[in-house]
Every structure is written in C-alpha cells, then in structure tokens.
Amino acid sequence: MAGNTAAVLERMGQSKELIMAGKTAAAADQDGGGDLKFPLYCQHFVELIRRGNVQQAMVFAQSELSQLTLFKESSNSRRSRRSRGSIATRQAILTETVGLLAYEHPETSPLAHLLSSAHTEQVADAINTVIIESAVHRLKEDLLEEQRKMDYSTGSGSGGDGKDKQPKEEDELD
C-alpha cells in the first residue's frame with residue numbers, strides 16, 4: 001500500500017508541475033483522459049490563448065473541445081439525473097473558456113481570471129483531487145475483492161449475506 005501511495009503522490013506532483021508549466025497536453029497524455037480530460041482540455045485551450053495562439057486555439061476548440069461529451073447518459077437514467085448539475089457546470093465552464101475568443105485582448109477582459117496563475121493552480125488542484133478520488137476508489141475495490149476472497153476461503157460466502165455459502169455436511173438433508 002505504501003508503494004501505491006508513493007505512486008499516487010508522484011503522479012500528483014508530476015501533473016501539477018506540468019499544468020503549472022503550461023504543458024497541459026503532456027499532462028493529458030500522462031493522465032490518459034476520463035474525468036481529467038475535460039479540465040485538462042479546457043486548460044490547454046486557455047494556455048493557447050495565453051500564448052497568443054488564437055488560430056490554434058480556434059482549431060483546438062473545433063476539433064477537441066467540441067468533441068467533449070457533455071451528455072453521456074440518457075435523460076431517463078438515474079446517473080443522468082444525479083449528474084445534471086455537473087453537466088450544467090461543465091457547460092458553463094466550457095462556455096466561459098471558449099468566451100476568451102471574443103476578446104482581442106483577453107488579458108484585460110472580464111475573463112482575464114482564466115489566464116491567471118491562480119486559476120491554473122486551481123485546475124491543477126482539481127486534477128489532483130480527481131487523482132486522489134480515483135486512487136481511493138481503486139483501493140476500496142481492491143479491499144472489497146480481498147474481503148470476498150477471504151469470505152469465500154473461510155466458507156462464509158461471497159458477501160457475508162448467506163448467499164453463495166458452501167453447504168456443510170450437517171446442513172444437507174438426505
């Protein structure tokens with residue numbers, strides 16, 4: 001477990017370092033996507049604007065940001081109802097981020113806060129939060145699997161609920 005903790009801490013440090021250095025594409029490559037793809041792609045767009053690469057930012061917005069799936073679940077699913085707030089939040093973030101294109105001088109615009117190092121640090125911290133949550137989730141899954149194996153090997157079933165329990169000889173009626 002200590003090795004896993006060290007690996008998670010190393011990954012967090014590398015991610016933050018890359019993001020703070022404006023190397024969001026490298027951070028996205030390192031983290032592979034999933035929950036991290038959206039904030040990393042938005043930050044990459046911001047970095048392109050910060051560097052004055054407006055044309056490249058427009059191409060990135062059309063080719064990558066437009067492909068981000070904001071509506072993954074059908075409207076009838078339970079997860080969809082739970083995640084409507086996060087979808088609305090993502091839509092607002094995406095709208096604000098792409099809004100940087102509307103200003104000839106975004107560094108003096110109402111959206112200038114997106115270009116600040118404080119905002120970049122917030123993004124890096126959010127990425128690290130997702131990394132931690134993912135590691136905790138994997139750890140819980142591993143612990144549950146170990147518990148199932150222990151329950152099975154001791155004959156107490158797969159979940160301790162009496163189901164899948166191996167019958168003992170004295171339990172069988174002939």
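Which residues in α3 meet which residues in α6? Pro39, Leu40, Gln43, Glu47 and Arg50 in α3 meet His119, Thr120, Val123 and Ile127 in α6, where contact means heavy atoms within 4.5 Å. This is a predicted model, in which local features need pLDDT of at least 70 and side-chain atom pairs count only at pLDDT 80 or more, while totals for chains, interfaces and linings use all residues. Residues are numbered from 1 along each chain as its sequence is written, and side-chain values use heavy atoms, with hydrogens and water left out.

**Overall make-up**

- The protein has six helices and zero strands; helices (H or I, at least four residues) and strands (E, at least two) are DSSP runs, numbered from the N terminus.
- Along the sequence the pattern is α-α-α-α-α-α.
- Of the 174 residues of the protein, 29% count as buried; buried means under 20% relative accessible area, exposed over 50%, and partly exposed in between (1.4 Å probe, protein chains only).
- Among the contacts in the protein with a separation of 6 or more, 50% come from residues 24 or more positions apart.

**Helix α3 against helix α6**

- Two packed helices are described by the angle between their axes and the distance between the axes.
- Helix α3 covers residues 37-50 and helix α6 covers residues 117-153; their axes come within 10 Å and cross at roughly 160 degrees. Axes are lines fitted to C-alpha atoms, for helices over the stretch in contact, and angles run from 0 to 180 degrees between N-to-C directions.
- That angle makes α3 roughly antiparallel to α6, since angles under 35 degrees count as roughly parallel, over 145 as roughly antiparallel, 65 to 115 as roughly perpendicular and the rest as oblique.
- The crossing of α3 with α6 is left-handed, meaning that the near helix is turned anticlockwise from the far one by less than a right angle.
- By class, the contact of α3 with α6 has four nonpolar, three polar and two charged residues. Ala, Val, Leu, Ile, Met, Phe, Trp, Tyr, Cys and Pro count as nonpolar, Asp, Glu, Lys and Arg as charged, and the others, Gly among them, as polar.

**Helix α3 against helix α4**

- The axes of α3 and helix α4 (residues 54-63) come within 8 Å and cross at roughly 160 degrees. These two helices are therefore roughly antiparallel to each other.
- The crossing of α3 and α4 is left-handed.
- From α3, Tyr41, His44, Phe45, Leu48 and Ile49 meet Val54, Gln56, Ala57, Phe60 and Ala61 in α4. This contact has eight nonpolar, two polar and no charged residues.

- Histidine 119 lies in helix α6 and is buried, with a relative accessible area of 17%. Its side chain reaches the backbone oxygen of leucine 114 at 3.3 Å. Not counting residues up to four places away in sequence, histidine 119 touches Gln43, His113 and Leu114.
- Asparagine 128 is also placed in helix α6 and counts as buried at 8% relative accessibility. Leaving aside neighbours within four places in sequence, asparagine 128 is in contact with Met12, Ser15 and Lys16.
- Valine 130 is found in helix α6 and is partly exposed, with a relative accessible area of 22%. Neighbours within four places aside, valine 130 is in contact with Asp35 and Leu36. The C-alpha atoms of valine 130 and aspartate 35 are separated by 7.2 Å, although these residues are 95 residues apart along the chain.

Definitions and conventions: Polar contact = N/O pair within 3.5 Å; in protein donor to acceptor, adjacent residues only side chain to side chain.
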